[in-house]
Amino acid sequence: MFETKSLMVLIPALPLAAAIIVGLLGRRWLKEYSHVPVVLALAGSCVFSLLLLKDISNREPDAKQVGVEVTHTLWTWAAIPAAGVTTPQIKATPNFQIDITLRADPLTCMMLPMVTFIATLVAIYAMGYMHGDPGYWRFYAYVGLFVFSMTMLVSVSNFALLYVFWEAVGVCSYLLIGFWFEKPEAAAAGKKAFLVNRVGDFGFAFGLFLIWVSFGTLNFHDAGDVQGVLGQTLLANPARYAEIITGSVALAIPLLLMVGACGKSAQFPLHVWLPDAMEGPTPVSALIHAATMVTAGVYMVTRCSPLFMLDPRAQLVVACIGGFTALLAGLIALTQTDLKRVLAYSTVSQLGYMFLALGTGSLAGIVAGMFHLFTHAFFKALLFLGAGSVMHGMHHIIDMRRFSGLRRVMPWTCLTFLIGSLALAGIVPLAGFWSKDQVLAAVHDRAHDGGPFVYLYYSAVLTAFLTAFYTARAFFMTFMGPLVVPHEVGDHAHESPPAMVFPLVVLAICSIFVGITFDHSLGDFIVRTPSLACTLVAGEHGLEHHFHWDIAAISTVVAVLGIAIAAYFYLGDRRQINALTRIMQGVRLYGLSNRKFFFDEIYHVLFVLPLKGLAALSYLIDRWLVDGLVNLCGWIPRAVGAVLRNIQTGVVQFYALAMVLGLALLIGTLLVWKVG
Amino acid sequence: MSLDAIKILTPELIVILTATLIYVLGAFLPGRHWGRVAMLGLIGAAIALYCTYEYRFWPEGAQAPLASVEIKGPIAVDLFGQYIRWLALLVGSLFVLTAQRPSSSTPAAEMVGTLLMSVAGTMLVGSARELGLLFLGLELVSIPTYVVLYLARGDRASQESTVKYFFLSILSSGVLLYGFTFLYGLTGTTDLVEIRQILLAGDDTLGAGRLFGRLALVLIFAGLGFRITAVPFHFYAPDVFQGTSNLNAGLLSVLPKIVGFTALVRLIAIAMPGYEVLAWRVAIVLAVLTMTLGNVLALWQDNVRRMLAYSSIAHAGYMLIGLAVGLAANMEDVSSVALFQGIGSTIFYLVVYGVSTAGVFAALTALGEPDKQVDLLDDLAGAGKTHPFVAGCIAVFMFSLAGLPPLAGFWGKLSLFFSALGVDAPTGGDTSDLRKWFLALAIVAALNAAIAAAYYLRIVGVMYFRSPLTTLAGEGGRGARVALTASVVLVVLMGLAPGRLQSGANKAAQSLLPAPATPQVAKLP
């Protein structure tokens, strides 16, 4: 019905158009109907994404092609002839040309439906959640822009444009996190997210500079004589990569790209912005954590796989950052009392899982990482929207110590949240189980060779245990036990409106089935991405599917163990406190309970205090040294100007004299300086 | 002069005839609606320009019709001339729109007619290929400018600035003419193509000829330096800008720059081969002085027009980079890509700068009212709240002038800086020296761009973060609003898709030489 190329354009164009319409008409005319254009556009985008997915999945790679790709050049953005650098590897001086080119390949086609589907549900959900907010139209305008940026980010076929939309996503997230900018915390959180992302982008930009210098182009695809960085010509003959980028550059490029990914995908040490990003409206959190923004880093690393394959050290760094972040965030999540914050750290942790999988450097690992990204998007969106539903009912109170037993007043939220929790914990047969199993299997395969991957494997298993524990804890504290609601709410605690429950139910159904449905097919589909299909990544044999019984058993055992221990602590705890049960031994439980807080203190000493010290030190350096230098630099031009402005006397005779003197000076120089 | 010549000059003739019509009828019909007649004239000229040559910058290779109109004589029929004429018509239309509501003491017909005259002069300079015609074109820009400056406002400040501009402009014209005489004395002809051939043949190497050539070069630089406000010939700009109206300040910061750079390219880069080593060094020195002084002094200004005067000086410095690149490249290899790229990026920058600047002054006009215009930076305080649309447009222009992506100014600066970095002569002895000079130039330019951001963003800051001190009338007329809207659309469009304009500018630059060279195509081995 639609041509591939028009689909590729329509998918980002619809959210953009909706954002413009709402941005222009929202305040005066649309008002409380501001959601209409955005929801329709996102739904349309989602349908078109699915059509594109169908189209691409029906294409078979022909013999001449590596993988499946379709590119569509809209117009030339910039063309500066012969602007490039000449290096020993590239003889001719390349043109600096950036085309606005969209691409469709399996990787893009996997991301697009996921992004637009979840964005659509979030937009529907927000109809209930944001109802009555004075910035209702503004919210929808931003969401449209956000989804446009994200769909473009995964569709563009050029590093420069990738960077542009990378930044655009950052700007949109800044606007959305700081949406309630009257709240100081929200404004600060928005700022923090923006600034931390700048650090990552700085590295990313340097990575792009190196790519430009090495390849002489920033295109992914081949265009005419220009061989793209991830184009067919190079991918068909991957040995060329090792010739083009050599030595330390081969390590520097992936590491700098990884710095960018760390910023966007909240990996250690740039993970700090994500938990604070909770200050935004909850649908935004769901959008950021599940479908857009944080997945950009994972997408980019996957897209650039051939560049990461050149140096095993780069892969190891990615794996270590991922494994460490997963463990760290899992540990932090254990003791958080803010429901959304638990989920935020859980996102950081799960993203760490994805990077760990990507860092294995095997095709199975990369596929596992992307699969985990895919399933995670559904259940994390579900959990966030569930948390939002709780917040909605609790009048924006989200401290889990203030309420419990909500299963009675919010049955739908409770049920869907339970499904999401089980999926996140990795319980058979829900979504998280299948993808986590693939990740663990990929890491386990690398652990056969010994080395750091052995430790990474064990830490990943430990993380799986922690995940199950904190997820169960959050569920038990919120929904189980006796009914307690904050006194501000009184007896107004209620289930959320249908607009909010509907997305929860849809996502819950997805969380149950996406894992088992796409366990093999998603992998088989995305390995046809040119970046992954090249022999550099694929190795001699393609993707093999075999179910790892041992790993499945281990992960199930640790998940159940985690849930059981959580149940023992938190359900037992409440009964002990409230009813002084005879079965439980009070002292021992109090002791355990105390130990939980004791962990908090350790975290404080281990992480918070040193960071604060570092912050204080940085502040001092910044205040006295950096600021001084900056002020000095700012002062010099003004001082020079202060001296020079005195010659601007306003006397016309002087001006004429100055002109003649200038001319005389030129002629004098010409006489003395014998050139030409 | 044959019929062909008249055909070639149709656009200029239409503009001049329109101006004459406005002058004559204006005496009988006093009114303020002459702007519409002027617009009609400009549109007619644009159509004539389009029909006469059927020329398009795109699609590729659509320049065949030009070859059939090959004419020996004072008028160059090349894409470069077309480019400048289109540019003159574009900014001319913006200024005519802005002039829709002049102050009550200004006779509207004379004002608009004179404005058209200087537009016609600019167009003429674009295609002039002869010293006499070139000078005539330059004066056709200057003389109406005196009148326009005088007509702007009836107060003393306006008169003072007119007199200043008049005297200094005449001085610079004299210097330029003096340079022309040396050039004529050296070669015995006023035709630029013949001058080029004589100098290429090396007939000037005997006796004092070489010295005369160098004197001519320096004098031409000095004379045209006034037009482009290059340091130290810039002194008039801040005073004159401050004393005149916003419209005139816009006119002064755009049209003289267009003619100045056009004449510099035609005279020095093309007509004077053999003097490049001197020429590019002079250009570099002027560029560095001009941009640095302009930017540094702009930091101190509280008067908007004075600040923008220094800003326009600084932009002249940036554009000199492209000229210097073109000159340096010319020395090594006539057909080198860098020559065209240097000149191409200069004329690309002219468009970017011209539209942004015309837009800024249209916006300032729109914010004021006919008899009380916006003068001080403080006048703009709080404009972000009181006049959100105009203030938003000003912010876009400021971002573009500061060179922030993805607006037009960014691409302008990027191509200029890239062209400077691209100077790496493949043969010859002192190539490393050459490269060092241009690397230093690029670094100075980048530092200057950083300094410039300070005062551009200051304007944005004043508009958005301060509360209003005075009430802005916002009664500058509908024409000014249309002009600023058109400018802002162009600035954004040129930011989103500068590719075609860039390649058009490069093609225009390539058309300057009789045998256009094909640039080498980038290939990976």
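Me: Helices are DSSP runs of H or I with at least four residues, strands are E runs of at least two, and both are numbered from the N terminus. This is a predicted model, where local features need pLDDT of at least 70 and side-chain atom pairs need pLDDT 80 or more, while totals for chains, interfaces and linings use all residues. Residues count from 1 along each chain as written, chains are lettered from A and ligands numbered from 1 in written order, and side-chain values use heavy atoms, without hydrogens or water. So to start: which residue with a positive phi follows H11(A)?

Reply: H11 of chain A covers residues 282-291. After H11(A) comes a residue whose phi is positive, near 60°. That residue is Met293(A).

Me: How many residues of helix H11 of chain A are buried?

Reply: Buried means under 20% relative accessible area, exposed over 50% and partly exposed in between, using a 1.4 Å probe on protein chains only. H11(A) is largely enclosed by the rest of the structure, because its buried count is 10 of the 10 residues. The list includes Thr282(A), Ser285(A) and His289(A). For chain A, 58% of the 676 residues count as buried, and for H11(A) the count is 10 of 10.

Me: Which residues touch the most other members of the largest nonpolar core?

Reply: A nonpolar core joins buried Ala, Val, Leu, Ile, Met, Phe, Trp, Tyr and Cys through side-chain atoms within 4.5 Å. This one has 411 residues, and its largest share, 19 residues, comes from helix H16 (residues 363-393) of chain A. Leaving aside neighbours within four places in sequence, Leu307(A) is in contact (heavy atoms within 4.5 Å) with residues including Phe159(A), Tyr241(A) and Pro254(A). The residues touching the most members are Trp273(A), Leu307(A) and Phe438(B).

Me: How many salt bridges does the rule find across the interface of chain A and chain B?

Reply: The contact takes 49 residues from chain A and 54 residues from chain B. Buried area, the accessible area (1.4 Å probe) that two parts lose on being put together, summed over both, is about 4700 Å², with carbon and sulfur atoms giving 73%. A salt bridge needs a side-chain nitrogen of Lys or Arg within 4 Å of a carboxyl oxygen of Asp or Glu. By that rule, the number across the interface is zero.

Me: Which elements give two or more residues to the side of chain A that touches chain B?

Reply: From chain A, they are strand E1 (70-80), strand E2 (96-104), helix H25 (586-644) and helix H26 (652-672). The most comes from H26(A), with 13 residues.
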